Amino acid sequence: MQELSRRNEHFTDSVIRRMTRISIDCGAINLAQGFPDFDPPEAMTRRLEEVSKTGPHQYPITMGAPNFRQALSRKCERFMGLRYDPETEMVVTIGSTEAMVDTIFALTDPGDKIVMFSPYFENYRAQTIMAGCEPVFVPLTPPAFGFDPEVLEDAFRQHPKAILICNPSNPSGKVFTYEELKLISELCIRYDVYAIMDEVYEHIVYEGHKHTYMSTLPGMRERTVCCSSLSKTYSITGWRLGYALAPQNIMDRIKQYHDFNTVGAPSPLMEAAVVGLDMPMCYYEEFGAHYAHMKALFTDGMRELGIPFTDPQGTYFVLADISPFMKKGQSDVDFCVELAQKLGVGAVPGSSFFAEDVDHIIRLHFAKRDETLNAALERLSHLKELAH
Ligand SMILES: Cc1ncc(COP(=O)(O)O)c(C=O)c1O
């Protein structure tokens with residue numbers, strides 16, 4: 001038989017989602033794949049119940065239900081201070097995951113380069129390769145995860161088509177400052193490069209830090225695609241609702257990929273999610289306070305256990321240094337499998353996020369109920385036993 005596509009020889013399955021399967025198999029607390037074990041807002045589940053009886057249950061309009069897009073446009077105006085036209089400048093997708101891949105296909109041709117920071121969310125590299133493009137990595141240096149502007153400009157000198165930025169950033173927890181974004185935006189304009197933003201953690205930012213939307217910077221609205229999602233903001237990762245926002249000339253292209261790949265996002269879920277998009281300000285304040293609580297509980301616990309970690313500025317991830325707990329010569333992947341099987345905690349090996357040779361870091365997330373986090377911390381208190 002003829003050989004299969006060579007494109008996917010260059011990436012494996014998602015290590016994050018593999019760790020979820022391993023966690024399920026051995027009954028581990030899954031702190032690997034980032035999803036909450038608490039309920040979405042009751043107003044949304046109540047509305048979903050109603051919609052199950054009233055519909056819609058049939059194909060949606062390809063770019064997304066009109067009332068969803070209107071509500072999204074209102075929400076964007078509220079938080080970004082920018083108006084995106086619901087008819088021409090947005091598309092509702094199967095999570096931000098689809099928004100990102102549609103955007104990459106819409107902006108690039110095979111052989112193009114895409115700049116991204118390392119550590120990076122593992123989807124980015126796979127999606128870049130799927131589109132026949134080449135990632136150009138620029139390191140973010142721990143613990144503050146700053147970057148060297150000279151190294152970044154060197155990447156821009158390679159004539160990339162786009163820079164892909166996760167802000168707030170998974171897995172580092174970095175929230176890019178206004179000054180950093182300004183510097184990046186000036187490079188985008190000078191070298192004529194598009195910005196693809198993944199802003200799914202836009203509402204999970206901790207005290208002392210502020211999320212700035214790249215599209216709000218001077219000269220950037222016309223060259224930025226903002227991809228985001230309802231997954232994290234409303235604790236509905238399984239509803240698979242995301243979106244892309246872009247000027248019409250770019251959006252027309254993004255919609256073509258969306259149209260032929262998916263037809264549309266799920267109609268009943270879009271209908272129920274409108275309630276979420278129209279939620280009052282106090283929802284986001286309580287949501288932020290809940291995350292600050294979970295972060296404090298988990299990171300205080302890690303500190304007490306003497307597990308070195310980086311304190312996130314946003315998102316719900318910590319990167320922990322496991323070097324004191326590893327066996328000699330052990331890989332981070334083997335360590336995570338053992339952690340799940342022997343201690344019952346699922347984590348993601350850092351090597352799946354870093355372009356550099358890094359094998360002593362794991363990613364844990366804390367979007368969990370207090371009792372789940374306390375149980376996970378109790379299990380992590382036995383970490384030293386893994387070293388023997
Ligand atoms: C940075 C980042 N982008 C995108 C996604 C996926 O989002 P969605 O559920 O909207 O596809 C995740 C999920 O973990 C993520 O961490």
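Trainee: Where does serine 172 lie?
Mentor: Serine 172 sits in the loop between strand S5 (162–166) and helix H7 (178–190), where helices (H or I, at least four residues) and strands (E, at least two) are DSSP runs, numbered from the N terminus. This is a predicted model, in which local features need pLDDT of at least 70 and side-chain atom pairs count only at pLDDT 80 or more, while totals for chains, interfaces and linings use all residues. Residues are numbered from 1 along each chain as its sequence is written, and side-chain values use heavy atoms, with hydrogens and water left out.

Trainee: Is serine 172 buried or exposed?
Mentor: Serine 172 is buried, at a relative accessible area of 3%; buried means under 20%, exposed over 50% and partly exposed in between, with a 1.4 Å probe and protein chains only.

Trainee: And what is serine 172 in contact with, leaving aside its neighbours within four places in sequence?
Mentor: With those neighbours left aside, serine 172 is in contact (heavy atoms within 4.5 Å) with Pro119, Leu140, Phe145 and Leu319.

Trainee: Switching to helices, at what angle do the axes of H4 and H8 cross?
Mentor: The axes of helix H4 (residues 95–107) and helix H8 (residues 248–262) cross at roughly 120° and come within 8 Å, the axes being lines fitted to C-alpha atoms, for helices over the stretch in contact, with angles running from 0 to 180 degrees between N-to-C directions. That makes H4 oblique to H8, since angles under 35 degrees count as roughly parallel, over 145 as roughly antiparallel, 65 to 115 as roughly perpendicular and the rest as oblique.

Trainee: Which residues make that contact?
Mentor: From H4 there are Glu98, Asp102, Thr103, Phe105, Ala106 and Leu107, and from H8 there are Ile250, Arg253, Ile254, Tyr257, His258, Asn261 and Thr262.

Trainee: What about H4 and H5, how do they pack?
Mentor: H4 and helix H5 (residues 122–130) pack at an angle of about 35°, their axes being 9 Å apart. On the H4 side the contact involves Thr97, Met100, Val101, Ile104 and Phe105, and on the H5 side Asn123, Tyr124, Gln127, Thr128 and Met130.

Trainee: Last one, where is valine 345, and what is it in contact with?
Mentor: Valine 345 belongs to strand S11 (residues 345–346), and it counts as buried, at 0% relative accessibility. Leaving aside neighbours within four places in sequence, its contacts include Ala28, Ile29, Leu31 and Leu364.
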